[in-house]
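These are my notebook entries on a set of look-ups. I record the links first, then a surface patch and one further residue.

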Amino acid sequence: MAGGESDDDKRQPLWLHGGYDTSGDLYTFMSHLVAGRKKMLELGQADEFKVLVADDGNRVFGFRRGLSVVLTSTGGQDSGEQSSVVQASELPPGLGSDGTQLCDVLSQGNCFAVANGQLEVTLSGGLPVILFKKLSD
């Protein structure tokens, strides 16, 4: 077992000791995912959960939790581009007005706008999106 004799020594994070590549795809993805979760918890209302899209024919699953909207592919990385439409009335409070922009925390800048009472989101390569309201430019 790594570390010294104490329990704290045995729980040392691997990435501080050369075990993880902090510039790798998995590490970068996980850091964005954790940042999105932290943002959701900071905004509150994280206990509210509602399924928005169970299967719209494009193999997309979507839900809202608190003030976030999550869409993910059930088709995997070979599914190409997948589009899904969520009715504005199904979005979290304050996010359903036309012109409201929701941005993906995983891709750091990919945004989608509510238009004509709908939010149309495109997934690429099976990657999920975690959307929050865009606060500023």
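For the first entry I took a disulfide to be a pair of cysteine sulfur atoms within 2.5 Å. I searched the whole structure on that basis and found one disulfide. I worked throughout on a predicted model, in which local features need pLDDT of at least 70, side-chain atom pairs count only at pLDDT 80 or more, and totals for chains, interfaces and linings use all residues. I numbered residues from 1 along each chain as its sequence is written, and for side-chain values I used heavy atoms, leaving out hydrogens and water.

Entry: the disulfide. I identified the partners as C103 and C111, whose sulfur atoms lie 1.9 Å apart. I noted 105 degrees about the S-S bond, and the link of C103 and C111 is right-handed. I classed burial by relative accessible area: buried is under 20%, exposed is over 50%, and partly exposed is in between, with a 1.4 Å probe and protein chains only. C103, at 13%, is therefore buried, whereas C111, at 27%, is partly exposed.

Entry: salt bridges. I required a side-chain nitrogen of Lys or Arg within 4 Å of a carboxyl oxygen of Asp or Glu. I found one salt bridge in the structure. It joins the side chains of K50 and E90, at 2.7 Å from N to O. Because K50 lies in strand β1 (residues 49–53) and E90 in the loop between β4 (81–87) and β5 (101–104), the pair ties together parts that are 40 residues apart in sequence. I took helices (H or I, at least four residues) and strands (E, at least two) as DSSP runs, numbered from the N terminus. I recorded K50 as partly exposed at 33% and E90 as partly exposed at 26%.

Entry: the nonpolar patch. I built patches from residues with over 30% relative accessible area and no salt bridge, joining like charges within 9 Å and nonpolar side chains (Val, Leu, Ile, Met, Phe, Trp, Tyr) within 5 Å. Accessible areas came from the Shrake-Rupley method with a 1.4 Å probe; for residues, only the protein chains shown count as cover. I found L26, F29, M30 and L33 in one such surface patch, with about 340 Å² of accessible area together. M30 belongs to helix α2 (residues 25–43) and is partly exposed at 39%.

Entry: H32. I located H32 in helix α2, and at 18% relative accessibility H32 is buried. Which residues does H32 contact, leaving aside its neighbours within four places in sequence? With contact meaning heavy atoms within 4.5 Å, I listed V105, L106 and Q108 for H32. I also noted 9.7 Å between the C-alpha atoms of H32 and I130, which are 98 residues apart along the chain.
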